[in-house]
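Here is a short briefing on one protein chain.

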Amino acid sequence: MSTTSSDPLAALGALPGVPDAVDSVRKAVDRVYGHRVMRRRSNEVTAEAALRGARGSAALSGADWNLEEVRRRTDFSGDGEAHVIGAALRLTAEAGQLLSIWRQSPLRVLARLHLVAAGGAAPEDAVGRPRLAGEPVDEPLIEAPLPGADEVAGRLEGLSGLILSGTAAPALVTAAVVHGELLALRPFGSYNGLVARTAERIVLIGSGLDPKSICPAEVGHAEQGRAAYLAAFDAYLSGTPEGMAAWIAHCGRAAELGVRESTAVCEALQRGAA
């Protein structure tokens, strides 16, 4: 990611097509927050959004389980897919508790997210810290070239600096860049996709766009499909204005599909069917 503006995230927000995506997401979010169910049962909508978001994020990391199986299951200590589902569930539960720390130290939050995701499934000395030179990365669905450890450290510091310095960029733009940059860097030895999508969630919540965490973008990323997700990520990696705009638009569509999912939950609760 590179721009020449003193506020590079805000500069991305002005790219062709991005303001329309931002406006569309904002209107969609406002509509679901105005649903009559949200006045009385928002906690239930939040809980359901967390469950569905975790399922969607896990699907993009290779564990595409039926929602009812995720809901029913209590033991995720089995095979590799079960570990991925369990990690996604733990991360969505953790996200809302890290908002104040994110505003002060994004890197601490990322370390915590990896610790929570790994949950004993990775060597203790490799958990919760960026990878060192020569250490492998287990992220089989992302085949982009892997940056070296020094580049990872530098770009993480740069990303943290952008967040801490503040920006006039819309929440969607910031969330998309955080998500894309973490996917590009894959700073940890495992679970980078889950961590990246959880960081996107944290930005959307903490920005005030989705304070009750009822608009699970992870659902939308999964619904658009793995091929579309990877194609949009390739556009991000290009670093071109067109590529960045395409990635942000993809993330915007994911957020809108998450809104649609929670709107359906609201309707079901209103009918007494959920």
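A disulfide is a pair of cysteine sulfur atoms within 2.5 Å. By that rule, the structure holds zero disulfides. This is a predicted model, in which local features need pLDDT of at least 70 and side-chain atom pairs count only at pLDDT 80 or more, while totals for chains, interfaces and linings use all residues. Residues are numbered from 1 along each chain as its sequence is written, and side-chain values use heavy atoms, with hydrogens and water left out.

**Cysteines**
- Cys-251 is in no disulfide, and its nearest cysteine sulfur, that of Cys-215, is 15 Å away.
- Cys-251 has 1% relative accessibility, so it counts as buried. Buried means under 20% relative accessible area, exposed over 50%, and partly exposed in between (1.4 Å probe, protein chains only).
- Cys-266 counts as buried because its relative accessibility is 0%.

**Fold**
- The chain has 13 helices and zero strands. Helices (H or I, at least four residues) and strands (E, at least two) are DSSP runs, numbered from the N terminus.
- The C-alpha atoms fill a box of roughly 55 × 45 × 35 Å, taken along the principal axes.
- Among contacts with a separation of 6 or more, 73% join residues 24 or more positions apart. Contact means heavy atoms within 4.5 Å.

**Burial and surface**
- Of the 274 residues, 53% count as buried.
- The accessible surface comes to about 11,900 Å², and carbon and sulfur atoms account for 52% of that area. Areas come from the Shrake-Rupley method with a 1.4 Å probe; for residues, only the protein chains shown count as cover.

**Gly-180**
- Gly-180 sits in helix H9, which spans residues 171–185.
- With 0% relative accessibility, Gly-180 counts as buried.
- Which residues does Gly-180 touch, not counting those up to four places away in sequence? They are Phe-233, Tyr-236 and Trp-247.
- Lys-27 lies 153 residues from Gly-180 along the chain, and their C-alpha atoms are separated by 24 Å.
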